Amino acid sequence: MPSSSYSTHIFCVLVCIFATFIFSDAYPFKQSSHRHSRLASHNYRDAFAKSILYFEGQRSGKLPANQRMTWRKDSGLSDGADAHVDLEGGYYDAGDNVKFGFPMAFTTTMLSWSVLEFGGLMKSELQNAKQAVRWATDYLLKATVHPDTIYVQVGNAAEDHACWERPEDMDTPRNVYKIDKNNPGTEVAAETAAALAAASMVFKKSDPAYSRTLLNRAIRVHSSNLSSNLAVFQFADKYRGSYSNSLKTIVSPYYSDFSGYQDELLWGASWLHRATRNTIYLNYIQRNGQVLGASEEDFTFGWDNKHVGARILLSKSFLVQRMQSLHEYKGHADSYICSLIPGAPFSTAQYTPGGLLFKMSDSNMQYVTSTSFLLLTYAKYLKTSRETVSCGGTIVTPRTLRKIAKKQVDYILGSNPLKMSYMVGYGPRYPQRIHHRGSSLPSIANHPQKIQCGAGFDMMHSQSPNPNVLVGAIVGGPDFHDGFPDQRSDYEQSEPATYMNAPLVGALAYLAHSFGQL
């Protein structure tokens, strides 16, 4: 080939490559400095979309026309009638038909945090993620409609668990339980305030009026008599006491508060500070942080214990916004990070032989998903501020944190000794017999006749796969030796829950974008 023709050919090839790079989905916009050139281990985009879709399978109430999980139908339409209040809507927490306010509020907070940190990467799935948040906040607004009162549970768990029936067939009592000045529930009230505050930021631009409603409910009630009708957070702080004591056997042993309510007070104040930028909450944190356990070395983050989450959240104020008064929270957050680094000084985390973070045998995946989210979020803060973590002389970079988080998510999606995806409906092999009433029983479309309370136990004890795929659900996961029996009766390992999925939404959004899939 003549040299002039060769030069022209090379120039055209380079132009084509450049154009393809610019106009393809792989073009790294401002937030994507961590894209990877190598092939992805998994289809993170598919898993991300499914992690959001799962919430439609947990919906209670009148389902919308655009419901995508079509085997689910309306349920709980008269919830709240027992207390003459409208409590239709919200989410069933896991595989039963009870609406527990404590884990629902935490789910809402974590879904909101996922959107706040990684919503800019979610593209077409952003609206679905925001709808998942709104389904919860619409319910929380109803649950806080009466002054100085929060309705924290619908359904008696003991009676519900005595049946194995579809939510559409529920005939167990839909008792309503509340906290108030005489029967306090500081942890639920503070978590509800956190959820409303976090969600208010999700809708701040897209629906300002709704955003204001959420934030106003978090910091005050719709009443002109503010001296007697306290804000949700004020209510939590003034009338201190655990709802585990106020409601006793109603919430125990299902969602008892084992860590105390101090963590929720710090967590709630942290979210209100972020949402309002009001110095009242900053002063509250500075004045009460140590009393509320800011420096305690409890490194478990989930629906019960929020200390670690509050430390990471507050560290942003120092790292990104340079609020020197909160500098200590960077140190507190670093201590948590060091506890997770295998082989590093001060490491206390346990991992299975296959590499999965292991906290406890019951629903361990909730800690895996929440930890993965915190690692990616803290890595984002560190990267922005050009900081690292020092673990006894070992320097831990944001890249290390992202690597650890990716390994945990990859394990969930099938990179494990069993080659089993622990997300239902993702990959060639996933749990077939999850502990979930609606999924395990024939749908209304295939079996219109009512399935009585006890009749469903035949299916619960069978070895048949669930007829309805609860797409996107994360189950409790394997044991400490990476074993997973896939038994419907094994709720510790086979039951999904909303608070397992909520933090994973953000983690998967990051990974999908990082590998050029979004």
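F100 stands opposite Q153 of strand β2 in this predicted model, where local features need pLDDT of at least 70 and side-chain atom pairs count only at pLDDT 80 or more, while totals for chains, interfaces and linings use all residues. Residues are numbered from 1 along each chain as its sequence is written, and side-chain values use heavy atoms, leaving out hydrogens and water.

Strand β1 and strand β2 (residues 149-154) are joined in the antiparallel sense by two bridges; strands are DSSP runs of E with at least two residues, helices are runs of H or I with at least four, and both are numbered from the N terminus. Two strands count as paired if DSSP finds at least two bridges between them. The open sheet has three strands in the order β1-β2-β3, with antiparallel pairing. Its edge strands, β1 (99-100) and β3 (176-180), each pair on one side only.

Helix α4 (residues 126-143) packs on the sheet and touches β1 and β2, contact meaning heavy atoms within 4.5 Å.

The protein averages a pLDDT of 90, the predictor's confidence in each residue from 0 to 100. Over residues 1-33, however, the pLDDT is below 50.

Notes
Axes are lines fitted to C-alpha atoms, for helices over the stretch in contact, and angles run from 0 to 180 degrees between N-to-C directions.
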